[in-house]
Amino acid sequence: MAGDKPQLSFWQIWNMCFGFLGIQFGFALQNANVSRIFQTLGAEMDDIPVLWIAAPLTGLIVQPIVGYLSDRTWTGLGRRRPYFLVGAVLATLALFVMPESPVLWIAAGTLWVLDASINIAMEPFRAFVGDQLPCRQRPTGYAMQSFFIGVGSVVASLLPFVLAHFGVSNTAGPGEVPDTVRYAFWFGGAVLLLAVGWTVLRTREYPPAQLHAWDEAPVQVRPPLDRARLARHGGAWLGAGALLAGAVAAFALDRQLYILAGLLAAYGLAQFALRRLRADNPVASILGDLHHMPTVMRQLAVVQFFSWFALFAMWIYTTAAVTGVHFGSDDPTSAAYNEGANWVGVLFAAYNGFAALAAMVIPAMVRRLGLRMSHLVNAVLGGLGLLSFLVIDDPRWLLLSMVGVGFAWASILSLPYALLSDCLPAAKMGVYMGIFNFFIVIPQLVAASLLGFLLNTFLGGEPVNALAVGGVSLVVAGLCVLRVRDPGMSNTTAAQPAREVA
């Protein structure tokens, strides 16, 4: 138990990250096809952001809980691997059910189950890299995850297009999902289960005592809670949520703004809960870790907010933008619409393919430019890619747009974690990675509440304009990363301490 944590071989890192191939397979099928399924089952364009709320909301709830529990788990399968396996089984079942949904509400409910299951499997994978790898190898581990994310997403996003090419029916009657989508979801479920099963069977985990002996994050003593300050802040956030809800009701504003009001009120209630709960309560422990999160995490939270706001806009509105603008149809039963929807699958496959290539380029970029400037460059490339949807008429040229989006996606999936991971203590690696997910989830919830309102009020009801908003948001995210404290270490990791003792 003495000494440094051993370095792992290339194939050991490959095996521990291979499960991400399956997880991203399911996630990519969801991103590229759920809006299409919702529209096929009769959803109005204004309702799609609200229907998508399942994805971020389940992550907000599930990931910190799974992180907290996995930090305290030790079984015959180890610490994180039981959650990989349970999440994979549940996600596979949800992928089998989703395209068979007969009505909209069943599809929306299945999305909740699917996303919760993917989150159960996905959250421990981020902590798994921190558990298994020494600091100098963690960027390699996160880059390997980004590579598998890219590869899995390419294949999954292309599946409906490829199936249609080989003669599988790409159209169906009103209220029916085409066979191309159905078969893609079934195949994706099998891939998800097999890939995660490979990681479960082909890896091992260090016991908690050994991880603690190798812990590389210096100890900081957590300061006592300022309960009076918590009460003031809780009241302010709760009041802001109530005021916004009242304004929505009084002025007949877009009802999706109730989501934002609920977020504000929920954060206020969380402040009151932290003030009242005992320190040994699991909820209080998670809220306390959120309250005392490391400085680097606070700085990265702003970067993550604008990054994931942009991504959510892209996932929601690309299908409607491309089918409407580039293929000239808003009718989900028409051949033109379904051709355009399949092309969106190609575009999503393209940006993930470019992300897989970018994952191999980014380490060299970081060595030359540093973490912050590399992320700035990649985010700006992604922003320009989304903004280019406004000026490109030929859908084939949108593949060029996806180059920038791919570099941004690979960067978002790796560099923030490289900046953060060395700040986190081994005993709380899971829960802090789950809390970091808040800053992925919250911008998606804000997007779900605001984008419909912005689209109808300021953007002329044109979905392509929502993509432009996403492009600007990515550029802002890149600029915000310059605020993040960069230790300038050669291994591209942050070294600011964040280990805390309650």
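**Helix packing and salt bridges in a predicted model**

I will start with a helix pair. Helix α14 (residues 371-387) packs against helix α19 (residues 463-480) at an angle of about 170°, and their axes are 7 Å apart. That makes α14 roughly antiparallel to α19, a term used for angles over 145 degrees. The axes are lines fitted to C-alpha atoms, for helices over the stretch in contact, with angles running from 0 to 180 degrees between N-to-C directions. Helices here are DSSP runs (H or I, at least four residues), numbered from the N terminus.

Two notes on the source. This is a predicted model, in which local features need pLDDT of at least 70 and side-chain atom pairs count only at pLDDT 80 or more, while totals for chains, interfaces and linings use all residues. Residues are numbered from 1 along each chain as its sequence is written, and side-chain values use heavy atoms, with hydrogens and water left out.

Back to the pair. On the α14 side, the contact (heavy atoms within 4.5 Å) is made by L376, A379, V380, G382, G383, L386 and L387. On the α19 side, the residues include L467, A468, G470 and G471. The residues of this contact divide into eleven nonpolar, five polar and no charged. In this scheme Ala, Val, Leu, Ile, Met, Phe, Trp, Tyr, Cys and Pro are nonpolar, Asp, Glu, Lys and Arg are charged, and the others, Gly among them, are polar.

Helix α14 also meets helix α15 (residues 398-412): the axes come within 7 Å and cross at roughly 140°. Among the residues of α14 in this contact are S374, H375 and N378, and they meet residues of α15 including S401, G404 and F407. Here the division is seven nonpolar, eight polar and no charged.

Now the salt bridges. How many does the structure hold? There are nine salt bridges, each being a side-chain nitrogen of Lys or Arg within 4 Å of a carboxyl oxygen of Asp or Glu.

One of them joins D131 and R79, with the closest N and O atoms 3.3 Å apart. D131 is in helix α5 (residues 104-132) and R79 in the loop between α3 (54-71) and α4 (81-97), so the pair ties together parts that are 52 residues apart in sequence. D131 is buried, at a relative accessible area of 1%, and R79 also counts as buried, at 2%. Buried means under 20% relative accessible area, exposed over 50%, and partly exposed in between (1.4 Å probe, protein chains only). D131 and R79 belong to a network of salt bridges that also links D71 and R80.

A second salt bridge joins E205 and R81, at 3.3 Å from N to O. E205 lies in the loop between α7 (179-202) and α8 (208-213) and R81 in helix α4, so this pair ties together parts that are 124 residues apart in sequence. Both E205 and R81 are buried.

D179 and R182 form another, with the closest N and O atoms 2.3 Å apart. Both lie in helix α7, three residues apart, about one turn of the helix. D179 is partly exposed at 24%, whereas R182 counts as buried at 18%.

Last, two contrasting places. Is helix α17 (residues 429-436) enclosed or open? Eight of its eight residues are buried, so α17 is largely enclosed by the rest of the structure. R255, in the loop between α9 (227-250) and α10 (257-276), is exposed, with a relative accessible area of 55%. Not counting residues up to four places away in sequence, R255 touches D47 and V248.

Definitions and conventions: Helix = DSSP H or I, 4+ residues; strand = E, 2+ residues; numbered from the N terminus. Parallel < 35°, antiparallel > 145°, perpendicular 65-115°, else oblique.
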